[in-house]
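Please open the model in your viewer and keep the selection tool at hand.

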Amino acid sequence: MSTSESSSSSKDKAMTRRELLATVGTATAGMLLAAGTGWSGTAAAEPMPYPMQHPGFRQESVTWINVKNYGAQGSGRFDQNDAPAIQSAIEAAGPMGGTVYFPPGRYVLKSAIMLRPNVRLVGDGPNASVLKAGVPSLSMVTGLGMKWNAVEGLGFEGMGATSPMNVRLAERGVYFEKCENVSVRNCHFNTIANGVWLNESRHVSISGNSFFQLFATDSIYEGYGIFAESSANFRLTDNRFRLLKRPCIYISAGSSYSIVSDNVAQQCDDAFIVVSSKLKPSSYHRIEGNLLSAEGLDNGAYAGKQGIVLRDYSTDNVIVRNVISRAKETGISLAGDGEAGDERPQGNIVSGNKIDQSERGIVLLNSDVTTVTGNDVRRVQTGIILETAGNAEGSFSRHNLVTGNMLSRCSEAAIRIAGSRCENNTVYGNAGTGNAEALADQGKDTSKTGF
């Protein structure tokens, strides 16, 4: 870059989409803008997806800023640091914001990229435009109290540096804290400790991303594809997970009102989807149409430890039409702490799911007022089990309804109610074949017709 170029103002470096069309021609600009949208190949004139529809937003007036015009090299050299140049490009967008474009390259970061309001980061696709951590424990793209941001078409690679200690400051690709109306789509996260982390954020969309071979040691803050804590009104859709050590999706700390749908996991060591909260209810999540896939697995190999888990204070959630193949321990589990009183799974619905080849199909442990209906469970030891643990205030499974399920080839029992602390449950209208035992009932005051 010449001296005159480097001294030009940010206004000279940034241009609107309309100016770009006028400068390089419609055909060329259309190709450039389409490349910047990531995997889809659609033109940038296409409206941005939820949640980027700002009320006063006009797509044709958005400023496009090329990070290489601000000194970013994208050479992949670890003796360089592209973060200051990228930050300068973001700051050049000003209060009105704009699209910060990453041409193909490997951009080494030795400090976090800090988002500003109304800024959208766009790469040429996750295999072409890659952000590479150059120091350990880095939150590579960070938004703190921001609104109307998007991260699209970028690859994220960490250093793979992990800690055996439970240190909260762990490596993350994208970190949103107290943000609203933000999205991450069509990105790839590889050899990194965590993918996307949400904290106290609202109206977030995470879609079309892939998470591959994330790193983790014994630290509880490593190894997650998507982690959401104390967040609400978010959508996690159409993401892909493979070779993860921790749960692919972990929703915690009273998060509520989410849609988790059409995600796929393969060859993972832990659970696929976990909802867990201790101090306040984690409620009104809809977990639908997700697939734990056994594709390509050898006989006897497992796709994951568990499929879907609702733990502790999880209430009024819906688990519907998921397909779970070869979960090593449990397909779907609702598990409460016997010491917790009312702060246990209550009022949840498990409906229309298909579970195949697991030790146990659907488990209600210290869980109340759950509806289990219309599920297809086969080739497991126990199809549906109601049980308790401990002898404390919360060590009960009560007022659950198990009806209309198809249970086949259960080697121990199709339905088991295990113990007298399982009280006032209702079981009727279930069917199936090839089970060692249809209904093994050791509960108290069970209402049943057939099995």
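A salt bridge is a side-chain nitrogen of Lys or Arg within 4 Å of a carboxyl oxygen of Asp or Glu, and by that definition the structure holds 18 salt bridges. The model is a predicted one, in which local features need pLDDT of at least 70 and side-chain atom pairs count only at pLDDT 80 or more, while totals for chains, interfaces and linings use all residues. Residues are numbered from 1 along each chain as its sequence is written, and side-chain values use heavy atoms, with hydrogens and water left out.

**Charged pairs between strands**

Select E157 and K132 to begin, and you will find a salt bridge whose closest N and O atoms are 4.0 Å apart. This pair links distant parts of the chain, since E157 belongs to strand β10 (residues 155-157) and K132 to strand β7 (residues 129-133), 25 residues apart; strands here are DSSP runs (E, at least two residues), numbered from the N terminus. E157 counts as buried at 17% relative accessibility, and K132 is buried as well, with a relative accessible area of 14%, where buried means under 20% relative accessible area, exposed over 50% and partly exposed in between, with a 1.4 Å probe and protein chains only.

Next, select D312 and K278, which form a salt bridge with their closest N and O atoms 3.6 Å apart. D312 is found in strand β26 (residues 304-315) and K278 in strand β23 (residues 271-283), so that the pair links distant parts of the chain, 34 residues apart.

Move on to D356 and R379, whose side chains meet in a salt bridge of 2.6 Å, N to O. Because D356 lies in strand β31 (residues 354-365) and R379 in strand β33 (residues 376-387), the pair ties together parts that are 23 residues apart in sequence. D356 counts as buried at 11% relative accessibility, while R379 counts as partly exposed at 38%.

**Aromatic rings**

Rings of Phe, Tyr and Trp (its six-membered ring) pair if their centres lie within 6.5 Å, and planes under 30 degrees apart count as stacked, over 60 as edge-to-face and the rest as tilted. The structure holds twelve aromatic pairs. Select F189 and F211, a stacked pair with 4.9 Å from centre to centre and 5° between the planes. As F189 is in strand β13 (residues 188-190) and F211 in strand β16 (residues 210-212), the pair ties together parts that are 22 residues apart in sequence. Both F189 and F211 are buried.

Strand β16 holds F211 and strand β19 (residues 240-242) holds F241, so the pair ties together parts that are 30 residues apart in sequence. At 1% relative accessibility F211 counts as buried, and so does F241 at 2%.

Which residues make up the aromatic cluster? Select F156, F189, F211, F241 and F272, which form one aromatic cluster.

**Charges over rings**

A charge sits over a ring if NZ of Lys or CZ of Arg is within 6 Å of the ring centre and within 35 degrees of the ring normal. Select R172 with Y175 to see a charged end over a ring, 3.9 Å from its centre. Finally, select R421 with F396, where the charged end of R421 sits over the ring of F396, 4.2 Å from its centre.

How values were computed: Helix = DSSP H or I, 4+ residues; strand = E, 2+ residues; numbered from the N terminus.
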